Amino acid sequence: MIEEKIEELKRKIDDMTRGIKSSKSLAELKMAFFGKQGEISELMKGMRDVPKEKRPEVGKIINALRDWANERFDTLAETVKKIELEELYKAQKIDVTLPGRRREKGAFHPNTLVIRELVDIFSGMGFEVYEGPEIENDYYNFTALNTPKDHPARDMQDTFYITDDLLLRTQTSAGQIRVMENKKPPIKILSPGKVYRSDDDATHSPMFGQMEGLVVDKGITLCDLKGMLDEFARKIFGSSVKTRLRPSYFPFTEPSVEVDVSCFECGGKGCRLCKGTGWIEVLGAGMVNRRVLEGCGIDPDEYTGFAFGMGIERIAMLKYGINNMKLLFEGDVRFLKQFKD
Ligand code: PHE
């Protein structure tokens, strides 16, 4: 009787442990036999009911089963552990012949490329870079630039006011005043930066980039401005590009000009880019107004100067043939990727 039961148990253990692949399920299975209510434990408990004279004999058989089962589980545990380790090694194996993961190289934003190129061109002509604050007060952004309150030219720029006096600068020209207040001529500075205007449509953004230039010294004339602009236009748009000046108005320059470059796409014959005119408007400029120099403590009878200001996005669009300004603000990687060098 008892022998039959033992054989059956052995078979059961054999069946249930076959194909076991994890140490965890093996340990669980062992508990199912050796645990409190496990079948082997139950057998041992059953010894109480075995008549005294038979106990030594039955005890021997049960002990033998217990030892057999223990050994069985131990050997299995070792095998399973080996398999597990092998699998772990396999999973962690490094194939040194695999190609490495490429890290994608970023690209500079076209605005950054333009700013860098401009700074490079103008520093070659002896300009120093000065960066003014983006939050300005009314004085630097307007009044000192000969645009007092109620001046009609204030309407040219829709301003974001923070308080009655503080505002987001609408033009990098504000930096001119800060420079002239702190430095005596000769002055030759370039001032790139962000400016803000309450304006938003297909060709305007409430935030955009400008690059200001200012030269003040003895004997500076409009001719110097024209010569410098010619050099700048050739460097940024190509060696055959010419410039022309058209009369314009800015409160802080007198005379003021609008600067066009000959169309670098069609060479001046007229095309879509230049809207058939052969010319493309690129910046505003002029001779620094006497009143502005005076206000900064520079004697306008001794010194003269010129200033110019251009839109970074506009230059970027012209230079790279970008037809929609919004592309410069959306941060679409498919667009930006194209500017990789
Ligand atoms: N500040 C002017 C603008 O934003 C541009 C400009 C700069 C014109 C310097 C003349 C001289 O429109």
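How many aromatic pairs does the structure hold? I counted 12 aromatic pairs, where rings of Phe, Tyr and Trp (its six-membered ring) pair if their centres lie within 6.5 Å.

**Basis of the entries**

I worked from a predicted model, in which local features need pLDDT of at least 70, side-chain atom pairs count only at pLDDT 80 or more, and totals for chains, interfaces and linings use all residues. Residues are numbered from 1 along each chain as its sequence is written, and side-chain values use heavy atoms, with hydrogens and water left out.

**Aromatic pair**

I looked up F34 and F73, whose ring centres are 6.4 Å apart with planes at 75°, so the pair is edge-to-face. That label applies to planes over 60 degrees apart, while planes under 30 degrees apart count as stacked and the rest as tilted. F34 is in helix α2 (residues 23–34) and F73 in helix α4, so I noted a pair that links distant parts of the chain, 39 residues apart. Helices (H or I, at least four residues) and strands (E, at least two) are DSSP runs, numbered from the N terminus.

**Ligand site**

I found 13 residues around the ligand, each with a heavy atom within 4 Å of the molecule. The closest are Q171, S173, R197, Q210 and E212. I then checked polar contacts (pairs of N or O atoms within 3.5 Å). Q171 places a side-chain N or O atom 2.9 Å from a nitrogen atom of the ligand. A polar side-chain atom of R197 is 2.8 Å from a ligand oxygen atom, and for Q210 I also read 2.8 Å from a polar side-chain atom to an oxygen atom of the ligand. On its own the ligand has 320 Å² of accessible area, of which the protein covers 91%; the areas come from the Shrake-Rupley method with a 1.4 Å probe.

At least two shell residues come from each of β5 (207–217), β8 (279–288) and β9 (304–311). The largest share, 3 residues, is that of β9. By class, I recorded 5 nonpolar, 6 polar and 2 charged residues in the shell. Here Ala, Val, Leu, Ile, Met, Phe, Trp, Tyr, Cys and Pro count as nonpolar, Asp, Glu, Lys and Arg as charged, and the others, Gly among them, as polar.

**Second largest pocket**

I next examined the second largest pocket, which is lined by 13 residues; M1, I2, E3, V50 and V58 lie nearest its centre. A pocket is an open set of points on a 1 Å grid over the protein atoms alone, where a 1.4 Å probe fits, with protein on both sides within 12 Å along at least five of seven lines; lining residues have an atom within 4 Å of a point. Two or more lining residues come from each of α1 (2–17) and α4 (55–92), and α4 gives the largest share, 4 residues. The lining divides into 8 nonpolar, 1 polar and 4 charged residues.

**Backbone**

I noted a cis peptide bond between P185 and P186, with omega about 5°. P186 is in the loop between α7 (174–182) and β4 (187–196). Another cis peptide bond joins E254 and P255, with omega about -5°, and P255 belongs to strand β7 (residues 253–262).

Note on methods. Polar contact = N/O pair within 3.5 Å; in protein donor to acceptor, adjacent residues only side chain to side chain.
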